Amino acid sequence: MKLMPLREKVCALHQELPRNNLVVWSMGNVSARDPESGLVVIKPSGLLFPDLTPANMVVVDADGNVVEGDYSPSSDTASHCYIYRHRPDVHGVVHTHSRYATAFAALGREIPCFLTGMADEFGGPIPCGGFALIGGEEIGQEIVRTLEGHRSRACLMQNHGVFTIGETVTKAVKAAVMCEDSATTAWLALQLGAPIPISQDNLDRLYDRYQNVYGQRSPA
Ligand SMILES: [Zn+2]
């Protein structure tokens, strides 16, 4: 079976979605692109999260054609593949309808950045793309367009939900968790009054420190 280590990783990361309360039933999906072959491992359509195994993940090529798999791939496959074809830096894509972030999407509104933790991860607000129908690559087109020149690894889709991208699939899953956390606190703060904006200069400094200084240095 092709790409077993990547199948295992994508399967394990799918379990982070229900664990972090980002999905219900069979909604939501994770994919990862193998840097060597360019093949993409993605969730089978309609399966429940506890039933996912490394073996029932679906392997597709860059155009979304099934290369290996007993199941049909996620209905968002064409959009994931569109993102991979247009963003060579991206190796993971995640989609959820996580509640607070999707509430902003229902209004077609960006998630404003009021907190340092959100500035660290996203460098500012999380933008919202326009309406696009499910099934083809229109969602992917709208995400690539919306995130062009943007630091955010997350993109809301109007009337739909959240898509996140990452240089690795783990980073894309982390962005999905952080997006919902940011949306929740932004929503709560908006109930209390008018949250205090962070200046662009401080957003830049926070993002730069977190992306380049925070955490453990990789061994040489
Ligand atoms: Zn969806």
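This is a predicted model: local features need pLDDT of at least 70, side-chain atom pairs count only at pLDDT 80 or more; totals for chains, interfaces and linings use all residues.
**The zinc site**

Three histidines hold the zinc ion through their NE2 atoms, namely His95, His97 and His160, at 2.0 to 2.1 Å. Along the chain these donors follow the spacing H-x1-H-x62-H. Because His95 belongs to strand S5 (residues 92-96) while His160 sits in the loop between strand S7 (154-157) and strand S8 (161-166), this pair ties together parts that are 65 residues apart in sequence. His95 has a relative accessibility of 1% and counts as buried, and His160, with 12%, counts as buried too.

In soluble globular proteins, nonpolar side chains tend to be buried together. The largest nonpolar core in this model has 21 residues, and those with the most contacts inside it are Val10, Leu17, Val30, Val41, Leu52, Met57 and Val94. Helix H1 (4-14), strand S1 (29-33) and helix H7 (169-192) each supply at least two residues of this core. Leaving out residues up to four places away in sequence, Val94 touches a set of residues that includes Leu17, Val30, Val162, Phe163, Ala172 and Ala176.

**Ala105 in helix H4**

Ala105 is part of helix H4 (residues 99-106), and at 0% relative accessibility this residue counts as buried. Beyond its neighbours within four places in sequence, Ala105 is in contact with Cys128, Leu156, Met157, Gln158, Asn159, His160 and Gly161; one of these, His160, is also a ligand of the zinc ion. By contrast, the C-alpha atoms of Ala105 and Thr116, which are 11 residues apart along the chain, are separated by 22 Å.

**Rings and a charge**

The structure holds 2 aromatic pairs. In the pair formed by Tyr100 and Trp187, the ring centres are 5.6 Å apart and the planes stand at 65 degrees, so the arrangement is edge-to-face. This pair links distant parts of the chain, since Tyr100 lies in helix H4 and Trp187 in helix H7, 87 residues apart. Elsewhere, Lys43 lies over the face of Phe49, at 5.3 Å from the ring centre.

The table gathers the accessibility of residues discussed above.

| Residue | Relative accessibility | Class |
|---|---|---|
| His95 | 1% | buried |
| His160 | 12% | buried |
| Ala105 | 0% | buried |
| Tyr100 | 29% | partly exposed |
| Trp187 | 34% | partly exposed |

How values were computed:
Residues are numbered from 1 along each chain as its sequence is written. Side-chain values use heavy atoms; hydrogens and water are left out. Donors are N, O and S atoms within 2.8 Å of the metal (3.2 Å for Na, K and Ca); water is not among the atoms, so sites may look incomplete. Helices (H or I, at least four residues) and strands (E, at least two) are DSSP runs, numbered from the N terminus. Buried means under 20% relative accessible area, exposed over 50%, partly exposed in between (1.4 Å probe, protein chains only). A nonpolar core is a set of buried Ala, Val, Leu, Ile, Met, Phe, Trp, Tyr and Cys residues joined through side-chain atoms within 4.5 Å. Contact means heavy atoms within 4.5 Å. Rings of Phe, Tyr and Trp (its six-membered ring) pair if their centres lie within 6.5 Å; planes under 30 degrees apart count as stacked, over 60 as edge-to-face and the rest as tilted. A charge sits over a ring if NZ of Lys or CZ of Arg is within 6 Å of the ring centre and within 35 degrees of the ring normal.
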